[in-house]
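Subject: The model, and some notes on it

Hi there,

Here is the structure I promised you. Have a look at it first, and then read on for my notes.

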Amino acid sequence: MQSSAPGPALAQAPVHSSEDGLLSFDLVAEAQRVKLGNRNANLLTYNGQVPGPRLETKPGDTVQIRFANQLNQPTNLHYHGLHIPPTGTGDNVFLEIPPGEHHTYEFQIPQNHPAGTFWYHPHYHGLVAEQLFGGLAGLFVVRGELDEISEIQAAQEAFIVLKDFALDRSGNIPDPGHMAQMTGRIGDLLTANGQFNPSLEVAQGGLLRLRLLNASTSRFFWLSLEEHPFYLIATDGGAIAAPVELNDLVLAPGERVEVLIRADREPGQYRLLNQPFNPAQGMMGGSMMGGSQSRNSTETVATLTYSGTTNALPLPNQLIAVEPLPEPQTTRQFTLNHGMGMGMVFLINGKAFEHDRIDTQVRLNTVEDWEIINTGTMAHPFHVHINKFQVLSRNGQPAPYAAWKDVVSVSPGESVRIRIPFRDYTGKTVYHCHVLDHEDRGMMGVLDIQSNS
Ligand code: C2O
Ligand code: CU
Ligand code: CU
């Protein structure tokens with residue numbers, strides 16, 4: 001176990017908030033020399049920041065992002081988890097913004113959009129892993145009903161973007177090498193908001209609302225906090241019905257959670273720990289056959305430090321009901337596996353991604369059950385754009401509580417059943433593995449949502 005003293009206070013990215021119903025700002029993607037903890041690093045940034053600025057919106061807001069691509073390769077933006085149109089100036093991942101070009105994204109957050117922790121990142125097929133690993137990612141928050149619950153309002157809020165990096169001695173990102181073909185590229189520098197083991201102060205008696213994003217390209221995080229359980233209050237798609245006590249949690253690439261932490265221990269320092277997670281075996285730690293996540297020791301990603309005292313704050317009893325979904329009109333299967341092509345290829349139902357092929361056609365205003373079956377040897381976090389889903393069961397075992405998700409990890413040999421409603425928007429979008437090297441190597445399909453008329 002690494003036992004270095006905690007670093008400086010946890011930094012929060014600059015925030016852009018909507019005003020009078022409008023969030024409007026300029027965003028530039030650009031290579032920059034920045035500080036990663038105490039190290040100089042040549043990374044890819046949004047507005048010079050790693051992680052990028054945090055965007056804060058409310059249901060009903062209009063969002064206008066004047067985006068400029070100052071990278072030396074094409075890119076675009078994806079709004080991971082938002083329920084907005086997949087077409088035009090919305091969450092259009094088929095768009096190519098060449099180097100030196102601009103694009104203005106403009107869309108409305110629906111009036112009935114749930115509050116939650118969403119994020120933005122590049123989604124130009126073939127370069128997604130490289131650009132994300134370079135540092136391009138930021139939080140996109142929607143404030144709403146969950147934020148108005150009085151116990152949650154009373155809590156101290158902190159965001160942590162978890163991300164691994166790799167740097168050579170000159171501060172450049174080394175070539176991922178061919179091991180990365182299987183596991184996806186993984187770095188041994190674990191950062192929280194671009195810092196190494198930052199310290200987060202909380203008053204004894206207080207309640208901390210920790211909002212976590214795993215913005216890594218391929219690395220899973222398996223987190224626990226010394227002497228404190230987590231009280232899960234929200235998953236990818238927003239609030240759950242009531243807090244769920246957890247001793248640890250796994251965040252696959254792309255996943256988010258919100259947890260409450262009661263600072264009800266003795267004053268002191270408590271480490272937020274990451275245990276090695278073996279994506280070839282799921283949550284078993286220990287031996288790292290083939291798919292090594294590069295280190296097999298537990299590491300500290302941040303430290304909670306008690307400072308001062310406050311009156312003890314209670315946990316909320318109730319959050320927001322998760323609406324039950326009706327029986328599905330259609331059931332489909334998606335089998336995840338890999339094979340050899342030009343190097344490794346990753347496949348859904350035996351096929352690698354093709355831009356112009358429609359793989360799955362669904363009808364607007366219907367509900368479907370999708371069975372995601374992993375017959376390969378690596379975990380695959382399955383992600384769907386635009387519409388969120390509920391996990392019904394894993395290997396036939398019903399999910400322990402209802403939750404809205406947009407990423408669900410499926411370990412080798414597992415079969416996971418999800419239920420997904422297609423609402424409000426027609427058009428083409430995608431589903432894919434959120435190990436982004438797998439996605440870039442083919443593990444993505446085109447979903448076409450068609451109107452009924
Ligand atoms: Cu966060 Cu299509 O991805
Ligand atoms: Cu997404
Ligand atoms: Cu995968």
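First, the ground rules. Residues are numbered from 1 along each chain as its sequence is written, while chains are lettered from A and ligands numbered from 1 in the order in which they are written. This is a predicted model, where local features need pLDDT of at least 70, side-chain atom pairs count only at pLDDT 80 or more, and totals for chains, interfaces and linings use all residues; side-chain values use heavy atoms, with hydrogens and water left out.

**The copper site**

The copper ion (ligand 3) is held by H380 through ND1, C433 through SG and H438 through ND1, at 1.9 to 2.1 Å. Donors here are N, O and S atoms within 2.8 Å of the metal (3.2 Å for Na, K and Ca), and because water is not among the atoms, sites may look incomplete. Along the sequence, the spacing of these donor residues reads H-x52-C-x4-H. C433 and H438 are both buried, that is, under 20% relative accessible area, with exposed meaning over 50% and partly exposed in between (1.4 Å probe, protein chains only).

**The sheet**

H380 also pairs with V410 of β29 as its bridge partner. Strand β25 (residues 380–384) runs antiparallel to β29, and four bridges join them. Both strands belong to an open sheet of five, ordered β23-β32-β31-β25-β29 with mixed pairing. At its edges lie β23 (360–363) and β29 (407–410), each pairing on one side only. Strands are DSSP runs of E with at least two residues, numbered from the N terminus, and two of them pair if DSSP finds at least two bridges between them.

**Two buried side chains**

Y306 sits in strand β20 (residues 299–309). Why does Y306 count as buried? Because its relative accessibility is 9%. Its side chain makes a polar contact with the side chain of H228 at 2.7 Å, and the Y306 side chain also reaches the backbone nitrogen of R265 at 3.1 Å. A polar contact is a pair of N or O atoms within 3.5 Å; within protein, one must be able to donate a hydrogen and the other to accept it, and residues adjacent in sequence count only if both atoms are side-chain atoms.

E56, in strand β4 (residues 54–57), is buried too, with a relative accessible area of 9%. Beyond its neighbours within four places in sequence, E56 is in contact (heavy atoms within 4.5 Å) with residues including H16, R143 and F159.

Best wishes
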